[in-house]
Structure formats: structure tokens, C-alpha cells
Amino acid sequence: MLKHSGTYLFQGKVPELAAFLESLNWPFPLLMAFSSQIAEFCAAILILLGIRYGAWLMAFTLGIAVIFAHSGKIYSEAELPFNYFLMGLVLSLTGMGKPSLDSFFQKNRKP
């Protein structure tokens, strides 16, 4: 996810995504394209740090992409975004494990 959204953000591919969103008649396509890629980039960093909020953010962003941008075609064009959505959902529900920052903060919070 970090590589994918980083490619869009730092190699100038956001206008290409905005044109796709405009073809779907989305409001404010350039703003939506930038916000989705920033959300995916930040979600990937938060997941790497072990913060559960990043998994929720990834699941939400990619759920929207699968449903609206890819029309729910999870067996063809939306297979990869759907897999990332499922991974984000599972991580957000199960947690990030012992070496995560979430685990560290929970350990220090309990008496």
C-alpha cells in the first residue's frame, strides 16, 4: 500500500486518478483523488508502526474504492483493493500483535 499510494502521490499520478473519478461523476475529483491517496499512505505508515487506527483507515478507504470506484467487482478489477480491504478489516479487529505501539501503550496503561 505504501508503494502504491506513494507512486500516485510522488510521481504525479493523482491527476490520472482524478480523471477516472471524474468519469464516474464523483464530486471534486481532484480533491477526492488526493485525499484517498493521502489516507492510504498514512494508513500504511500507521500499520507499519502498529497503530490499529491505520487498519481502520485502510479498510474504510478501500471499502469505498471497492464499492463505488470498482462497482464491487471483487473477482476481476477490484481483487487487489478487496484483499487490502479484508486485510485492514482483520487487522483492525484482531489488533497488531505484541510488537506494536498499540500493545506497548496498552501495557503501560493497565495498573
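Two rings of Phe, Tyr or Trp (for Trp, the six-membered one) count as a pair if their centres lie within 6.5 Å. By that rule, a search of this whole structure, which is a predicted model, turns up three aromatic pairs. Take W26 and F68: their ring centres sit 6.4 Å apart with the planes at 80°, so this pair is edge-to-face. W26 belongs to the loop between α2 (14-23) and α3, while F68 is in helix α4, so the pair ties together parts 42 residues apart in sequence.

How exposed is W26? At 21% relative accessibility, W26 counts as partly exposed, since buried means under 20%. L49, found in helix α3, is partly exposed too, with a relative accessible area of 43%.

| Residue | Location | Relative accessible area |
|---|---|---|
| W26 | loop between α2 and α3 | 21% |
| L49 | helix α3 | 43% |

Now for the inside. The largest nonpolar core has eleven residues: M1, A39, A43, A44, I47, A55, L57, M58, L62, A65 and M96. Both α3 (29-49) and α4 (52-69) put in at least two residues each, and α4 gives the largest share of this core, with five. Leaving aside residues up to four places away in sequence, M96 touches I47, G50, I51, R52, A55, L91 and D102. Another core, of six residues, lies apart from the largest one and includes V14, A18, L21 and A33.

Helices α3 and α6 (101-109) each supply at least two of the patch residues.

How values were computed. Residues are numbered from 1 along each chain as its sequence is written. This is a predicted model: local features need pLDDT of at least 70, side-chain atom pairs count only at pLDDT 80 or more; totals for chains, interfaces and linings use all residues. Side-chain values use heavy atoms; hydrogens and water are left out. A nonpolar core is a set of buried Ala, Val, Leu, Ile, Met, Phe, Trp, Tyr and Cys residues joined through side-chain atoms within 4.5 Å. Buried means under 20% relative accessible area, exposed over 50%, partly exposed in between (1.4 Å probe, protein chains only). Helices (H or I, at least four residues) and strands (E, at least two) are DSSP runs, numbered from the N terminus. Contact means heavy atoms within 4.5 Å. Rings of Phe, Tyr and Trp (its six-membered ring) pair if their centres lie within 6.5 Å; planes under 30 degrees apart count as stacked, over 60 as edge-to-face and the rest as tilted.
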